[in-house]
Amino acid sequence: MMLKLGFVGLGMMGLPMLENLAGAEGISIRAHDRDPRRLDRLKTHPAWGLTLHAADTLADLADCAVIITMLPNSAITNAVIEGGADGPGLAALLARGATLIDMGSSNPADTLRLAPLLHEAGITLIDAPVSGAVAKAANGTLAIMAGGAAADLERVRPILSCMGAALIHTGAVGSAHAMKALNNYVYAAGLLAASEAMLIAQGMGLDLGVFTQVLNASSGRNVATETKLAQFIVPRTFNGGFALSLMAKDLRTADSLQQLVGVAAPQLSLCTDLWQRALQALPASADNTEIYRYLEAQRDAP
């Protein structure tokens, strides 16, 4: 029997993730996005019209056994789940026994609030954010963190495995969203440090290509130096595939965890503040690698 699955959110990451999932056997998928134009690319997928169909509204997903949301922030995710002025959300629409997998980078505080509400409605919530840019979403090699009961995770493991190469059970519901936010802080701090170092090297007239090689062969190596400098910053294409606005949002989430647990992390606060200032200064479409451009502008400011 075909598993009925709904997928909500066809942005830069969600669309390629869904394309991989649509190639799996035994799954019938209904895809929904509030911008119907985002479904246009799906119409060329081999599964379109067979096991892959459009869902015009959330109500069209009511009989799905599993729902995946891949949305840009908690406010949108909350509205999709809880409903609002536009109509009821998934919590009211789905049948008891359904499973909802939130694969966006939601705020763990919201996840912890939603979990008991969904449980009361007989719906299982799993938080399963991903790590990896658009390229990894496209080739199905994302790292997926998953929070929830072990038995619930095992039930959806075949689904998640269609989209990622590594699946890590992080613990209870909410733990994956917390770890994703903290992971993105560590990444952002590495990108910021690398960008500042590159800017100083540039000012000294050093060869940035050679400096990148030095970093990646030495103790300064991190994922930002390995995947962002030579690829997007040195050639100044600044198109790494992860929006600066999303990076700023993830940093705000990580920063909020300080108060939640009563731990002071001054470097996290500094990093968060700098990214918020960059967000205000750069175009709305800016890539996260353009933090380097922001630092340049600050250097050149009178």
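The legends below describe close-up views of a predicted model.

**View 1. Helix α8 and its buried face.**
Helix α8 spans residues 208-216, and L208, F211, T212 and L215 are its buried residues. Seen down the axis of α8, these buried residues fall within an arc of 105°, so they line one face of the helix. They pack against three other helices: α7 (175-203), α9 (223-233) and α12 (291-300).

I200, M204 and L206 form a nonpolar patch on the surface. Together, the three residues have about 330 Å² of accessible area. L206 is placed in the loop between α7 and α8. Its relative accessibility is 44%, so L206 counts as partly exposed.

**View 3**
D110 and R113 are joined through their side chains by a salt bridge, at 3.8 Å from N to O. Both residues belong to helix α4 (residues 108-120), where they are 3 residues apart, about one turn of the helix. An α-helix has 3.6 residues a turn, so residues three or four places apart point the same way. R113 counts as partly exposed because its relative accessibility is 35%.

R155 and D152 form a salt bridge in which the closest N and O atoms are 2.9 Å apart. The two residues are separated by about one helical turn, because they are 3 residues apart in helix α6 (residues 150-161). The cut-off for buried is under 20% relative accessible area.

**View 2. The salt bridge between E290 and R293.**
The side chains of E290 and R293 meet in a salt bridge, with an N to O distance of 2.2 Å. E290 has a relative accessibility of 10% and therefore counts as buried. R293 is partly exposed, its relative accessible area being 32%.

**View 3. A network of salt bridges.**
K4, R30 and D63 are linked to one another in a network of salt bridges. Side chains of opposite charge can pair when their charged atoms come close. The count for the model comes to 16 salt bridges.

**View 4. The surroundings of N288.**
N288 sits in the loop between α11 and α12. With a relative accessibility of 0%, N288 counts as buried. The side chain of N288 makes a polar contact of 2.6 Å with the side chain of Y187. A polar contact of 3.4 Å joins the side chain of N288 to that of D287. Leaving aside neighbours within four places in sequence, N288 is in contact with Y187, L191, K228, F242, A243, L244, M247 and W275.

**View 5. L270 on helix α11.**
L270 is found in helix α11 (residues 266-281). At 62% relative accessibility, L270 counts as exposed. From L270 to A189 the C-alpha distance is 9.7 Å, and the two residues are 81 residues apart in sequence.

**View 6. A178 on helix α7.**
A178 is part of helix α7. Apart from neighbours within four places in sequence, its contacts are with P108 and L257. A178 and L10 are 23 Å apart in space, C-alpha to C-alpha, and 168 residues apart in sequence.

Most residues other than glycine have a negative phi. R236, a residue other than glycine, has a positive phi near 60°. R236 lies in the loop between α9 and α10 (244-261), and it is partly exposed, with a relative accessible area of 42%. F238 is also placed in the loop between α9 and α10. The phi of F238 is positive, at about 50°, although F238 is not a glycine. F238 is buried, with a relative accessible area of 9%.

Definitions and conventions
Residues are numbered from 1 along each chain as its sequence is written. This is a predicted model: local features need pLDDT of at least 70, side-chain atom pairs count only at pLDDT 80 or more; totals for chains, interfaces and linings use all residues. Side-chain values use heavy atoms; hydrogens and water are left out. Buried means under 20% relative accessible area, exposed over 50%, partly exposed in between (1.4 Å probe, protein chains only). Helices (H or I, at least four residues) and strands (E, at least two) are DSSP runs, numbered from the N terminus. The arc is that of the directions from the helix axis to the C-beta atoms. Contact means heavy atoms within 4.5 Å. Patches are made of residues with over 30% relative accessible area and no salt bridge: like charges are joined within 9 Å, nonpolar side chains (Val, Leu, Ile, Met, Phe, Trp, Tyr) within 5 Å. Accessible areas come from the Shrake-Rupley method with a 1.4 Å probe; for residues, only the protein chains shown count as cover. A salt bridge is a side-chain nitrogen of Lys or Arg within 4 Å of a carboxyl oxygen of Asp or Glu. A polar contact is a pair of N or O atoms within 3.5 Å; within protein, one must be able to donate a hydrogen and the other to accept it, and residues adjacent in sequence count only if both atoms are side-chain atoms.
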